[in-house]
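User: Please take a close look at the aromatic rings here. Which ones pair up, and where do charges sit over them?

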There are 2 protein chains.
Amino acid sequence: MISNSSKYAVKAVLYLALNSSESHKILAKDISSPTNIPKAYLAKVLQELSRHNIVSSVKGPGGGFYLSEDNKKIPIMKIIHVIDGDNRLTSCMLSLQECDEENPCPMHDLVGNTKVNFVKNLEQNTVEDLVEDIREGKSFLPL
Amino acid sequence: MISNSSKYAVKAVLYLALNSSESHKILAKDISSPTNIPKAYLAKVLQELSRHNIVSSVKGPGGGFYLSEDNKKIPIMKIIHVIDGDNRLTSCMLSLQECDEENPCPMHDLVGNTKVNFVKNLEQNTVEDLVEDIREGKSFLPL
DNA sequence: CATATAAAGGATAAAAATGTCTTTTAATCT
DNA sequence: AGATTAAAAGACATTTTTATCCTTTATATG
């Protein structure tokens, strides 16, 4: 579905969304333990997210990672795009160049609107939206 | 979304569905060219599919691969399951053990019914169904 | 300024996925 | 039976993904 790295990325971002703020930054190693993501690898993923302004970071004492208000408005799909590239979820299921809405391949056709909606949801929903769902008890994040 | 190997598998099965029969078997190498799948690797994939009775095969002169009537009734999802394992598409997007319908994770909740329908389509539609769509011009298979 | 802190970056390592090649087994045909 | 055909199986090579470790850079504080 999505890569392991993207799962790590989404988990880490949600963890930050729930537990950090500009005045309460969190160290990579302190995200690693509760989320069960290998420390050094998570650091790499966070680095990549930081480079693309999906998470915010500050070096040195009192530093760490956190989400700015802007970061919280980022759609989940963007996290996945940064880590997995653009086509993993959105391209035709058989990776056929010639396949599009006009000339759909059999899988494209089969999957139809369900996949379109699926992707649309990921594009429209932001980190903030997911946090709200968690806060309202609509969903849970068992890390 | 699904692995390269699964894409190869689905392509090869569809190719067989469209071009082979018990009285007209096709060699692995003759599927390789039109589908642009590496010959030796395709052979491996077909071997695996054959072992799981998703395609039929006969050794020796006049032999090759083909789809029996039973093979054509196999749901697309089964092809994917044999190659990718059971959980790639169906498990929770974050691979959380504790996530289910009762206690959905935020992604689970987000994706909601769209993913369920997506998977359901793959489970319900058979090779035969896709072939029919192609024959009726509802979809195209540009290999 | 010196020191400690913590992310950024670079170099490797390990594992999994993808791909290739060679040998073996089963079937057909003369 | 012997020769030929084609899948099955096994061994190996390459690439990508995942993971670790070490060094460098930026920041804060005494």
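Analyst: **Aromatic contacts**

B:Tyr8 is buried, at 16% relative accessible area. Buried means under 20%, exposed over 50%, and partly exposed in between, with a 1.4 Å probe and protein chains only. B:Tyr41, at 39%, is therefore partly exposed.

The model is predicted: local features need pLDDT of at least 70, side-chain atom pairs need 80 or more, and totals for chains, interfaces and linings use all residues. Residues are numbered from 1 along each chain as its sequence is written, chains are lettered from A and ligands numbered from 1 in written order, and side-chain values use heavy atoms, without hydrogens or water.

Rings of Phe, Tyr and Trp (its six-membered ring) pair if their centres lie within 6.5 Å; planes under 30 degrees apart are stacked, over 60 edge-to-face, the rest tilted. Over all chains, that gives three aromatic pairs. One is A:Phe118 with B:Phe118: centres 6.3 Å apart, planes at 5 degrees, so stacked. Each partner lies in helix H7 (residues 106-124) of its own chain, so this pair joins two chains. A helix is a DSSP run of H or I, at least four residues, numbered from the N terminus. A:Phe118 and B:Phe118 are both buried.

Now the charges. A charge sits over a ring if NZ of Lys or CZ of Arg is within 6 Å of the ring centre and within 35 degrees of the ring normal. A:Lys25 lies over the face of A:Tyr66, 5.4 Å from the ring centre. In chain B, the charged end of B:Lys25 sits over the ring of B:Tyr66, 5.4 Å from its centre.
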